[in-house]
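Subject: Structure handover

Hello,

Here is the structure you asked for, with notes below on what was found in it. Please read the notes with the model open beside them.

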Amino acid sequence: GLADHGQRFDLLLDAAKSPGANSAPEMRASRNAAPKAQTPSPPASEPKSDEDDGLDALFSMVEAPKRSADSEVTQDLAKHAVQAFLSQTSSGEPRKPAPSTPGPVGDWASFDAMIEDQAALFLKDRRLHQILENWLALRMLLAELPRESSIRLFLFQVSATAAIEDVLASLEEPEGALAHAAFDVVLAANESSLAKDGASGFKRLATVAAENATCLLGTLAPDFAGESADTVGSRETPHQMLDQIGFEQFASLRQSAASSSLALFWNKGRLFADDDGPADVGLPASWIALLSILHAQAANGWPDFGVGQKLSIDQLETAEHANTGKPVADSVMTFVSQEAALSLASAGINVLRGQANRAEVYFAGSRTVSASKSEEPNAGVARALSMARLNTLLQVAFSTAPSGSKTAEESANNLQARLDEISDALFNAVQFSVSAARSEEDEDVLDIDATLAGSTRGNRHFGFRIGI
């Protein structure tokens, strides 16, 4: 936690009590806007325990500090510190090195130096690090999508420390996110490993995704296989690491029926060049995959995801890798050889790679984690996306088609008319054919055939049989 990384709140508070503390501390603004001062919140009660890792103490300073004579000053300084951390870190401005041996507080040339030093310590906490990356990724996504796009994004906040049972309950309960609407794709942004509880959590999330007919994108931690990212990226057959003891739950996940609804992504896009910012803050591959999917949706009216498609993202920077034996510059955090990328793809892990000497990235795989054999293994993600999108459209069609049909044929005609309207609105990216039929149990059913036109893999066909 933060306590293990040398918190500097003591220096910040000492500075606040110094003779010059009555004047507002000098703050460096981000490129977009200066941090705004905020009104202090009412004081709160004492913390419940002294055994936290420092993160709770940080947020208690920001939101509701202990009652004391200088509580307003304390909270104001804490808010300025957090504002500076977010604005300076996300703006990409170079960080000034803090004095190696600070003298008395009055000797500090600027309050900025202490804030920058504390900001660097914040990033050493994995949860704050992840929060920052996700918000930077969201900013990237909004900046890269066409402004005229009709795509809607929903944010659902899940505690990184919540038990998987609580997460699933919050998704599925009557007031949960999946109880109110059908989603084409769901991004699980909190990164995870594939050992034991990590893989078990993915399996349970994938099961929920399959039950709700949506496509789930999972985010893998840099050390998802128990080794450093550089170690994984440099091996010729890193998928063999997942065959070892400790990854039994991942093997079970790959054999499950829900595995075809889950796609895993690894590596990060590089946000900062060399000394321009924190070296370990990047754009998670799952967010970049979501951008690629939504680009296809905005351009063609249909979600898609393919192998090798180059993505040029304005926020990415190019830098050389030091562990490749020869100079290689690209825009990903970890250099992954072609052999390693294909090896991981065989295990259902889609790796983000960088185009040499260009600020472009691409994916070496487009697979779900399903271990079942397929004639088109790299069409797995595209198929999962299409199935989810078709489910959404069919739900819309059934809920808005005229009701009260007296025969199966009339129901088929009403549904056909509504689906034709939907197809026209999508510029015929998908076309439907509906017919009435009898099931093996001699019950009325509707057979629905859907054809995707203009796919890079040619026309694709899907069939559904739905009881009336």
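**A surface patch**

Ile131 counts as partly exposed, at a relative accessible area of 41%; the classes used are buried for under 20%, exposed for over 50% and partly exposed in between, with a 1.4 Å probe and protein chains only. Ile131 is part of helix α5, residues 126–144. Helices here are DSSP runs of H or I with at least four residues, strands are runs of E with at least two, and both are numbered from the N terminus. Together with Trp135 and Leu155, Ile131 makes up a nonpolar patch on the surface, and the accessible area of the three comes to about 360 Å². Patches are built from residues with over 30% relative accessible area and no salt bridge; like charges are joined within 9 Å, and nonpolar side chains (Val, Leu, Ile, Met, Phe, Trp, Tyr) within 5 Å.

**How to read the values**

This is a predicted model, in which local features need pLDDT of at least 70 and side-chain atom pairs count only at pLDDT 80 or more, while totals for chains, interfaces and linings use all residues. Residues are numbered from 1 along each chain as its sequence is written, and side-chain values use heavy atoms, with hydrogens and water left out.

**The chain overall**

The chain has 13 helices and 13 strands. Of its 468 residues, 47% are buried. A contact means heavy atoms within 4.5 Å. Of the contacts between residues at least 6 apart in sequence, 66% join residues at least 24 apart. The accessible surface of the chain is about 24,000 Å², with 49% of it belonging to carbon and sulfur atoms. Accessible areas were computed by the Shrake-Rupley method with a 1.4 Å probe, and for residues only the protein chains shown count as cover.

**An exposed proline**

Pro174 sits in the loop between α6 (164–172) and β1 (185–192). Pro174 counts as exposed because its relative accessibility is 68%. Apart from neighbours within four places in sequence, Pro174 has contacts with Ala179 and His180.

**Salt bridges**

Side chains of opposite charge can pair when their charged atoms come close. A salt bridge here is a side-chain nitrogen of Lys or Arg within 4 Å of a carboxyl oxygen of Asp or Glu. The structure holds eight of these salt bridges. Among them is the one between Arg204 and Glu165, at 3.0 Å from N to O. This pair links distant parts of the chain: Arg204 is in helix α7 (residues 197–211) and Glu165 in helix α6, 39 residues apart. Arg204 is partly exposed at 34% relative accessibility, and Glu165 is partly exposed at 45%.

Arg418 and Glu421 also form a salt bridge, at 3.0 Å from N to O. Both residues belong to helix α13 (residues 408–425), where they are three residues apart, about one turn of the helix.

Asp444 and Arg438 meet in a salt bridge at 2.4 Å, N to O. Salt bridges with shared partners join Arg438, Asp442 and Asp444 into one network. Asp444 is partly exposed, with a relative accessible area of 36%, and Arg438 is partly exposed, with 43%.

**Aromatic pairs**

Rings of Phe, Tyr and Trp (its six-membered ring) pair if their centres lie within 6.5 Å; planes under 30 degrees apart count as stacked, over 60 as edge-to-face and the rest as tilted. The structure holds five aromatic pairs. One of them is Phe224 with Trp266, edge-to-face, at 5.4 Å centre to centre and 70° between the planes. Phe224 is in the loop between β2 (215–220) and α8 (229–234) and Trp266 is in strand β3 (residues 262–266), so this pair ties together parts 42 residues apart in sequence. Phe224 is buried at 1% relative accessibility, and Trp266 is buried with a relative accessible area of 1%.

Phe265 and Phe305 are also an edge-to-face pair, at 5.7 Å centre to centre with 85° between the planes. Phe265 lies in strand β3 and Phe305 in the loop between α10 (285–300) and β6 (311–312), so the pair ties together parts 40 residues apart in sequence. Phe265 is buried at 1% relative accessible area, and Phe305 is buried at 0%. Phe265, Phe305 and Phe363 form one aromatic cluster.

**A charge over a ring**

Lys310 lies over the face of Tyr362, 4.9 Å from the ring centre. A charge sits over a ring if NZ of Lys or CZ of Arg is within 6 Å of the ring centre and within 35 degrees of the ring normal.

Regards
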